[in-house]
Amino acid sequence: MPARMDKVTLVAASSIVIALAVMGIKYAAYLATGSVALFSDALESIVNLVTSIAAFWAIQVSRKPADKDHQFGHHKAEYFAAVLEGVLIVVAALLIARQAWISYNLALAPENTMQGLAINIVATLINGVWALFLFRFGRRRRSPAFVAEAWHLTSDVVSSIGVVIGLLLVVVTGWAVLDPLVALIVAVNILWSGWKVIRDSVSGLMDEAVSRSVETEIRTIISAEAEGALEVHDLRTRSAGRATFIEFHLVVPGSLSVSAAHAICDRIEAALVKAVEGAEVLIHVEPEAEAQHHGVIVL
């Protein structure tokens with residue numbers, strides 16, 4: 001990899017490499033056993049690879065600076081990748097359910113089960129460690145693409161654990177029918193994971209406001225830093241990937257000079273940018289005749 005590759009790009013590229021490795025390991029487990037449950041696990045790894053590539057693309061696009069055609073930046077590109085991940089997860093779940101039904105009707109028993117399970121456990125451990133890392137990294141960077149990928153990998157890990165338990169039961173009981181039934185359970189779990197990813201990503205595309213705790217923090221900062229102003233009203237926020245847009249009206253005394261009002265705005269903006277990662281602040285200054293005195297931050 002290029003020596004100058006930054007950390008975000010390195011993590012995104014590493015996800016592709018890890019997805020390739022895990023896909024190969026899981027497919028080897030399926031080839032060793034012929035188990036439809038292990039096949040379902042391998043199939044989901046193909047989706048992992050595709051979504052890792054989509055996330056890599058979206059993250060690069062989202063980090064581009066604002067331009068003439070995208071004057072508020074490219075932050076929402078990550079949400080599109082996350083929606084794609086959710087759709088692909090749902091498709092994978094449906095394909096797994098179809099394969100489980102075929103296997104159930106054919107009543108095929110897996111072979112070399114313990115060998116396949118040992119191989120699959122290695123892949124599951126890799127996915128589990130990487131999912132934990134992506135959760136921490138994605139939330140710290142406020143990256144919807146990384147968080148969506150982490151949720152997908154978590155779903156994969158849960159599915160893999162279910163596969164392992166199910167195949168152990170096949171070995172203990174000799175009931176081959178448990179193999180496709182486990183695959184079907186995996187499909188349902190993956191379907192739920194896909195729905196969650198799509199739901200959260202669509203919320204981001206719909207300009208969802210910040211959480212109540214973050215809004216409370218914003219209001220506290222404005223109140224503390226707006227000395228010289230009278231009140232704040234019409235506070236609005238929206239999240240777009242790593243960016244948080246904060247907009248409000250600041251009422252100042254009519255006698256206050258433009259320079260003094262600007263100084264207040266600069267002080268508030270600096271405090272918000274320091275406290276809220278990715279904050280982009282827009283303040284509309286109004287004279288005291290515009291004061292509302294209800295539903296506002298009275299200073």
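Colleague: Where does Ser40 lie?

Modeller: Ser40 lies in helix α2; helices here are DSSP runs of H or I with at least four residues, and strands are E runs of at least two, numbered from the N terminus. This is a predicted model, in which local features need pLDDT of at least 70 and side-chain atom pairs 80 or more, while totals for chains, interfaces and linings use all residues. Residues are numbered from 1 along each chain, and side-chain values use heavy atoms, without hydrogens or water.

Colleague: Is Ser40 buried or exposed?

Modeller: Buried means under 20% relative accessible area, exposed over 50%, and partly exposed in between, with a 1.4 Å probe and protein chains only. Ser40 has 1%, so Ser40 is buried.

Colleague: Which residues is Ser40 in contact with, leaving aside neighbours within four places in sequence?

Modeller: Contact means heavy atoms within 4.5 Å. Ser40 touches Ile96, Val163, Ala183 and Val186. Ala183 is 143 residues from Ser40 in sequence, yet their C-alpha atoms are 6.2 Å apart.

Colleague: How many residues of α2 are buried?

Modeller: Of its 27 residues, 20 are buried.

Colleague: How are two packed helices described?

Modeller: By the angle between their axes and the distance between the axes. Axes are lines fitted to C-alpha atoms, for helices over the stretch in contact, and angles run from 0 to 180 degrees between N-to-C directions. Helix α7 (residues 212–225) packs on helix α8 (residues 258–275) at about 145°, with the axes 9 Å apart. Among the residues that meet are Ile218 in α7 and Leu272 in α8.
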